[in-house]
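Please open the model in your viewer and keep the selection tool ready. The stops below say what to pick next and what is there.

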Amino acid sequence: MDEKRGEVRLRRPDSSEQAKEFTFDSVYDDKSRQEDIYVNSVFPVVENVLIGYNGTVFAYGQTGTGKTFTIEGYDNPPDMMGVMPRSFETIFSNIQCDNPEQRQYLVRASYMELYKEDIRDLLSPNPKAKLELHEKPDTGVYVKDLIMTVVTSVQELKKIQMIGRKNRTTAETKMNDHSSRSHAIFTITIETSEPGVDGKPRIRAGKFHLVDLAGSERQSKTEAVGERLEEATKINLSLSTLCHVISSLVDSRSSFTPYRNSKLTRLLQDSLGGNTKTVMIANIGPADYNYDETLNTLRYASRAKHITNKPRINEDPKDAMIREFQNEIERLKAELAQIDRDSSVAPDMLLNQLANIGNMGGAKLSQDRLKELAEESKARAREVEARKVSIKQTTQEVATEKQKILENLRKHEEQSQKEMRDRNELKRQLGRKELQLHLHNENVEREKKRKLLEDQQMQAALEEKKIKQRRLAESLKQKKEETIALQQKFATQKEEIEVKDKILHRLWKKLQAIRTKTREMEEFFWSEREETMNRICDYNREAKLLDLIIKNFVPNEKQMEIKECAHWDDENEAYKLMLPEPNTDLKVKKEPVPEQGQVVETSSQDLRPKCENILLLELDVTKRTTEDYTGTQESSRVKNTFHNILVDNKDDFEYNAVNLQPILMVPFDTMKPVPLLESVNRSQSAKGKDPRSGTAKAGN
């Protein structure tokens, strides 16, 4: 890697081929710091988001190459922080250094993942729930019911990052102990409001997307099986669609960009060729074992460099929430003023009502009662007058004592007030000192942040100048090589031949490199084409199977009903069944017969196999060679003998069916076993005879 020239050279291991060269805006090796990557490549994007542009930073590469470390990093030590926490500090440092009276800010954040082509909200109480992707003509692509949290500090953004990191799907593979199994997108929306020339508020909104893509995998290396294999298949499919979108945007002959082939490309549609300033960080590994994956990553990153976006400032967006908050504040202020006015009028109204009630009650008193009240009042007046005389005497004595007490209280109060004034003066002096110290610390901190931002801006501007100088030097070198042969003059023919041989040798090397690159591109194209064709064959096979099932098992009437109920949903890009209301008619209707079943019913031939209706099968039964068992025919003599034995409850005896001679039963354990061969010979010699009596059966 050549950081000064921004070049990456890749050579196939154990090969004499010429190294492949790729040129980028910035190149970082294993000695680079996280701060260098952020300041040189990401900081300019964050600065543009603060003034109303859209920005996107996404990490792309093979699994296990450090994409998540580049985006998130580690909290400790601070030098290991990634792009995400550093952008948090830059955003709120700019907000704190700005004048709040001139410009107001509203910052919101969301965190989601794309797991097996399903969108999940990592901030939701149920992070496994699936969300729908919609699109509006004025606002573009958005996720329905995605939680947007208002944040006011760096700590709140880091808390959201920690919650999303905890809920994100990760697993262990052969190539990575902590492999990300989904694409994660952290979005920060910054809305600003400032007075315009006409005095009306001018609103701007910028969205900053931090995308941590899952790494591409090969099953032969990760040895993924089961669910891990299914995850890897979905990851590779979405990344393959992303590569196709990049190739389509770079190819001037392409008239169609397959954004809708994957939800990932739909979410990043504005970041690829749209209204966004985009930075792509391509992560590669140094192992020669992963040469093919590294080559593909560099190749697609080199293509993505040629994508042209058209960013613009988002002024007065329709979905800005800061305007809604301002209207809500004005409405609440008006309600508070109305409540204050109502509360000032209420006491006067209450006093007037009480006075009216008093007047109405006085008019109802009788004349006799008034005379009694007058006499009682005169008696009480006389008593009061007598008490006044005694009170006056007591009052004079109390007045002198009161004068003394008041004098003492006045002196004590003056002393207390003096002490209070001294104490307040000390508090004011202490408060002024604390305020001065606090303002000094704030000024120092603000000045420190301002200088840090200025340093970062200067470093970013310097890096941008270096990139421009590098591009100009490359173009100048290329033009110089093209015109040097025409401008150079030679003294002899031999000198001309030597110079032209060198030029020819250099051009021949370039031609060989281009041919090698073309051959590799063709091989890569054919491998992708073969993979795509295999996928198409699988889809066709599945479609034919479903079509066969429908044709043989779903009646035509049902097919027509399903077609009538199916409606195309533009937002979800899928058919939805609008089922009719259930029929309340209880009459049993005949179940419709499939098309193949109708052919079988109308045909006179025996069409086998009849898989449509198993009840109509007529099996080919072979001719029967056995008879039913009808039981034995016993004589009345034998029946009577057994009956007498059972009735008399005699001991167990065995009777000869012919001679009716009693035979004593022999215990089982005293019986001698008979060899099998001997028993067979006896049975053959006694064929046609009853084995119990030794006589012929003769129908008994």
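Select Cys 243: this residue is buried, at a relative accessible area of 6%. Buried here means under 20% relative accessible area, exposed means over 50%, and partly exposed lies in between (1.4 Å probe, protein chains only). Move on to Cys 565, which also counts as buried, with 14% relative accessibility. Searching the whole structure for disulfides gives 0, where a disulfide is a pair of cysteine sulfur atoms within 2.5 Å.

This is a predicted model, in which local features need pLDDT of at least 70 and side-chain atom pairs count only at pLDDT 80 or more, while totals for chains, interfaces and linings use all residues. Residues are numbered from 1 along each chain as its sequence is written, and side-chain values use heavy atoms, with hydrogens and water left out.

Next, select residues 83-97, which form helix 3. Helices (H or I, at least four residues) and strands (E, at least two) are DSSP runs, numbered from the N terminus. Helix 3 has 15 residues and reaches 21 Å from its first C-alpha to its last, close to the 21 Å expected at 1.5 Å a residue; the expected span is 1.5 Å times one less than the number of residues. Of its 15 residues, 12 are buried, so helix 3 is largely enclosed by the rest of the structure. Among the buried ones are Val 83, Phe 88, Ile 91 and Phe 92.

Now go to Thr 297 in helix 8 (residues 291-304). Is Thr 297 buried or exposed? Thr 297 is buried, with a relative accessible area of 4%. Leaving out residues up to four places away in sequence, Thr 297 touches Tyr 60, Gly 61, Gln 62, Ala 282, Asn 283 and Ile 284. Contact means heavy atoms within 4.5 Å.

For a surface stop, select Leu 546 in helix 11 (residues 493-553). Leu 546 is partly exposed, at 45% relative accessible area.

Buried residues are 27% of its 700 residues.
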